[in-house]
Amino acid sequence: MAASAVTTATTGTSGSKQRKQQQNGGKLETTGAADQNDALEKDFFWTYTEEPHRTRRMAIIKAHPEVTKLCGPEPLTKWVVLGVVSFQFLLAHLLRDTSFFSWKFWLTAYVFGATCNQNLFLAIHEISHNLAFRSPTANRLFAIVANLPIAVPYSASFRPYHLTHHKSLGVDGLDTDLPTAFEAFFLDSILGKAFFCTFQIFFYALRPMAIYRVPFTWVHWLNLAIQLSFDYSMVYLLPDSLFTLNSLLYFLLSSFLAGSLHPTAGHFIAEHYVYEKITPEARDPANKIPVPETFSYYGPLNWVTYNVGLHNEHHDFPAIPWTRLPKLYEIASEFYEGLPQHKSWVYVLWQFIFDEEIGMRCRVKRKVGGRVVGGGSVTAKVEEKEQAKEAGWGDDEIEA
């Protein structure tokens with residue numbers, strides 16, 4: 001009995017130890033899983049999946065081949081741009097003797113100036129896709145004209161960065177629309193996000209240069225020379241009866257407010273920040289579960305922003321101009337009706353700042369893929385043309 005008792009006691013002690021080890025092991029496993037989930041929660045949405053737009057584009061072309069006829073320049077664009085530029089010149093003239101610190105100056109700049117300059121930002125976006133003229137050179141030159149009331153030369157630099165954004169959506173180190181890890185770390189709070197929304201125009205202007213630099217071409221030099229000459233002329237060469245320093249300050253303030261806490265500025269965040277609730281399974285890139293990374297908006301602010309709210313449509317077919325994007329939605333509505341969308345750009349800004357589950361890290365990122373526009377090989381460009389021809393695109397549509 002004694003031996004039996006010892007054996008039983010030993011077995012009991014051993015079993016108790018085993019149970020404790022199993023329990024501790026279970027705690028370690030649970031803790032490890034929790035730590036992994038916490039790490040995923042605090043990181044970007046990394047993915048191994050292909051960006052969705054090329055796949056959907058091919059599916060739409062297969063189902064509705066007539067959509068390719070929507071591609072090509074929109075003649076109306078140049079007239080809208082000239083109208084907005086002229087209106088900004090008029091306001092700059094009328095405010096030439098108004099104090100920069102007066103409420104009238106700031107109110108005019110916020111209501112009219114920021115809306116107009118946001119319109120010109122997006123006109124340059126439209127022109128960067130060669131959608132104002134058939135000639136690429138004509139588009140480059142006209143973008144410089146659209147740049148004038150913005151007061152800072154940027155149209156030439158915007159084009160290669162933006163087209164790379166299309167070719168390399170979400171690719172870390174190539175897509176300069178993505179916030180950097182530095183931004184995500186230091187701006188991960190209500191105050192940080194409010195700061196980002198207030199000064200986001202500077203982040204979008206300076207971030208590309210911190211990631212990679214595009215070659216400086218004759219278009220860049222021309223953009224720089226014309227813009228600086230224009231700004232100098234406003235202040236020093238033209239008579240005060242036309243423009244003064246206040247006129248230039250009006251343009252600069254309008255550009256700043258257009259990329260700040262302004263209703264139309266909501267599109268910067270609305271387009272690609274993830275506002276959907278993402279499950280832990282989808283957060284794990286190994287599961288290869290697609291995360292929605294482009295959101296559309298179909299509200300009234302599209303009237304002054306070249307329909308940039310139709311952003312899934314734009315990324316699917318960058319060669320379709322703003323006036324025909326609603327037609328694309330109408331033709332291929334079964335592809336777009338179920339996609340996530342925003343109801344209000346103002347609410348997008350509000351939610352971004354105050355919702356703890358939405359922030360700088362709510363972006364889909366890829367480690368590989370894409371390429372820098374202008375840096376691709378001849379072979380890659382030939383392959384793209386062959387794919388377009390297989391899809392039934394005509395020569396004009398491929399050029400567009």
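Thr98 sits in the loop that runs between helix H3 (76-94) and helix H4 (103-128); helices here are DSSP runs of H or I with at least four residues, strands are E runs of at least two, and both are numbered from the N terminus. With a relative accessible area of 15%, Thr98 is buried, a label for anything under 20%, with exposed meaning over 50% and partly exposed in between (1.4 Å probe, protein chains only). Neighbours within four places in sequence aside, Thr98 is in contact with Lys104, Phe105 and Asn246, where contact stands for heavy atoms within 4.5 Å.

A word on the basis of all this: the model is predicted, local features need pLDDT of at least 70, side-chain atom pairs count only at pLDDT 80 or more, and totals for chains, interfaces and linings use all residues. Residues are numbered from 1 along each chain as its sequence is written, and side-chain values use heavy atoms, with hydrogens and water left out.

Stepping back to the whole chain, there are 19 helices and four strands. Of its 400 residues, 48% count as buried. Among contacts with a separation of 6 or more, 78% come from residues 24 or more positions apart. The accessible surface comes to about 20200 Å², and carbon and sulfur atoms hold 63% of that; these areas come from the Shrake-Rupley method with a 1.4 Å probe, and for residues only the protein chains shown count as cover.

An unreviewed UniProt entry lists "transmembrane region" for residues 76-95, 107-125, 137-156, 184-206, 218-238 and 250-270. Those positions are in the numbering used here, feature names are shortened, and the annotations may be inferred rather than shown by experiment. Over residues 137-156, the chain is 65% helix and 0% strand, with the end C-alpha atoms 11 Å apart. Residues 184-206 come out at 83% helix and 0% strand, and there the end C-alpha atoms are 16 Å apart.

Now for the cysteines. Cys116 counts as buried at 11% relative accessibility, and Cys197 is buried too, at 0%. The whole structure has zero disulfides, a disulfide being a pair of cysteine sulfur atoms within 2.5 Å.

Most residues other than glycine have a negative phi. Ala151 is not a glycine, yet its phi is positive, about 75°. Ala151 lies in the loop between helix H5 (136-147) and H6 and is buried at 5% relative accessibility. Tyr306 also has a positive phi, near 55°. Its place is the loop between strand S2 (296-297) and helix H14 (311-316), and Tyr306 is buried, with a relative accessible area of 4%.

Two or more lining residues come from each of H4, helix H6 (155-167), helix H9 (200-211), helix H10 (218-237), helix H11 (245-258) and helix H12 (266-270). H9 gives the most, with seven residues. On a 1 Å grid over the protein atoms alone, a pocket is an open set of points with protein on both sides within 12 Å along at least five of seven lines, a cavity is a set where a 1.4 Å probe fits but cannot get out, and lining residues have an atom within 4 Å of a point. One cavity of 30 Å³ or more turns up.

Key: Points joined across faces, edges and corners; volume = space filled by probe spheres on them.
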